[in-house]
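I set out to record what I looked up in this structure, entry by entry. The order follows my own reading, from the whole chain to single residues.

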Amino acid sequence: MSRKRDPKNERGDGLPLNASESDPDRAPKKFKSALGSGDSDEQSSGLDQFLPYPIHKVNRLLEPGPVLLVATGSFANKTHNIMTMGFHMMIQHEGPTLVGACIGPWDKSHGNLNKTGECVLAVPAVEMLEKVVDIGNCSGEDVDKWETFGVNPVPAPDPDFANGSGDRKGAEEDRARAPLVGGEGIIANIQCVVEDGALVARYNLWVLRVIGAWINKDMDLEYGQEDQTPGDDGGSIGGGKLRKREMNMAHHRGDGRFVVDGQEVDMRDRMVKWKEFQD
């Protein structure tokens, strides 16, 4: 979709301030010379190691987390839908646990979320990436994506079971009626209800409160990255008693390319200020 020109944001030659005639992804020549002309003063400042980057592409540097599948609607009423989402962020660890998610009116899920106030965030493993992309390339208004892509909706359990208090009958407003996303390629399902919708109209930003979480039992339960084999007691994670699947996440770079989780670097012993957030 074309963008409107803004005279206030243009150079004298009519190009956007952040664009280049030959390549809009590269810095303008006059900016390059200003940052790396070779003068000793400029080199000592450290600016010569940087080039300007287009402002409208900073999302490619800051994509916050793994690409997710979002289930909305009511499974019981057959209005459930599933979509792919890359724009989300943690807002608060606990008291309550809050997640921010950008879902706009162009998504069928927006209407479902607005109506029910509930959703499930599912974390897919990289093995599902092609399917995840395909789900994001069509609309639930036109296609039953669950059936088309062979994704299994699972009736959402009472979140109290995840919290160890399954004997209590949860109130209706404390239940997520959207289904979990099933399948061996799903790392986790996170049940949410809308906590705050004040920013939805202006920014399409939903503040979600987590009310339940479910993790793949075949995955390492602590971090989900280790691939331990029986008898391997040398691993620092998982204990090595049972073989656990390596289930890596995929992170969207914002332009159709993805980065896959790699080797874990354990720096817990140095995180002395944040011990409260470690297991």
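The entries below begin with the overall composition and then turn to the sheet, its helices and selected residues.

**Entry 1. Overall composition**

I note at the outset that the model is predicted. I looked up the secondary structure and found 8 helices and 11 strands. For burial, I recorded that 34% of the 279 residues in the protein are buried. I then turned to contacts between residues with a separation of 6 or more, and found that 57% of them involve residues 24 or more positions apart.

**Entry 2. The sheet**

In which order do the strands of the open sheet lie? I read the order as β2-β1-β5-β8-β9-β4-β3, a set of 7 strands with antiparallel pairing. The edges are formed by β2 (81-85) and β3, each of which pairs on one side only. From one strand to the next, the twist averages 35°.

**Entry 3. Strand pairs within the sheet**

Strands β5 and β8 run antiparallel and are joined by 7 bridges. Within this pair, Val-123 has Ala-188 in β8 as its bridge partner.

Strand β8 (residues 186-196) also pairs with strand β9 (residues 205-215), in the antiparallel sense and over 8 bridges. Here I located Val-193 opposite Arg-209 in β9, and Val-194 opposite Leu-208 in β9. As a reminder to myself, side chains in a regular strand alternate between the two faces of the sheet.

Strand β3 (residues 88-92) runs antiparallel to strand β4 (residues 98-102), with 4 bridges between them. Met-90 is found opposite Val-99 in β4.

**Entry 4. The hairpin of β3 and β4**

I looked next at the connection of this last pair. The hairpin has 5 residues between the strands, and Gly-95 takes a positive phi near 75° there. Which form does the peptide bond from Gly-95 to Pro-96 take, cis or trans? The bond is cis, with omega near 0°. Pro-96 is placed in the loop between β3 and β4.

I checked two helices against the strands. Helix α4 (residues 108-116) lies across β1 (68-72), β2, β5 (118-124), β8 and β9, and runs at about 115° to β2. Helix α5 (residues 129-136) packs on the sheet as well, where it touches β1, β2 and β5. The direction of α5 makes about 110° with that of β2.

Lys-78 is not a glycine, yet has a positive phi of about 60°. This residue lies in the loop between β1 and β2. Lys-78 counts as exposed because its relative accessible area is 62%, above the cut-off of 50%. I also found Lys-78 over the face of Phe-75, at 5.0 Å from the ring centre.

Asn-204 likewise has a positive phi, near 60°. Asn-204 is located in the loop between α8 (200-203) and β9. Is Asn-204 buried or exposed? With a relative accessibility of 18%, Asn-204 is buried, because the limit for that class is under 20%.

I recorded a relative accessible area of 4% for Asn-81, so the residue is buried. Which residues does Asn-81 touch, not counting those up to four places away in sequence? They are Val-70, Ala-71, Thr-72, Lys-108, Ser-109, Asn-112, Gly-140, Lys-145 and Trp-146. With Ser-109, the side chain of Asn-81 makes a polar contact of 3.2 Å.

**Entry 5. Glu-141**

Glu-141 lies in the loop between α5 and α6 (145-148). At 58% relative accessibility, I class Glu-141 as exposed. I also looked up the separation from Asp-107, which is 34 residues apart from Glu-141 along the chain. The C-alpha atoms of the two are separated by 8.9 Å.

**Entry 6. Aromatic pairs**

How many aromatic pairs does the structure hold? My search returned 0.

Technical notes:
Residues numbered from 1 in each chain as written. Predicted model: local features only at pLDDT ≥ 70, side-chain atom pairs only at ≥ 80, totals over all residues. Heavy atoms only, no water. Pairing = 2+ DSSP bridges. Axes fitted to C-alpha atoms, helices over the stretch in contact; angles between N-to-C directions. Contact = heavy atoms within 4.5 Å. Buried < 20%, exposed > 50% of the residue type's maximum accessible area, 1.4 Å probe, protein only. Phe/Tyr/Trp six-rings, centres within 6.5 Å; stacked < 30°, edge-to-face > 60°. Lys NZ or Arg CZ within 6 Å of the ring centre and 35° of its normal. Polar contact = N/O pair within 3.5 Å; in protein donor to acceptor, adjacent residues only side chain to side chain.
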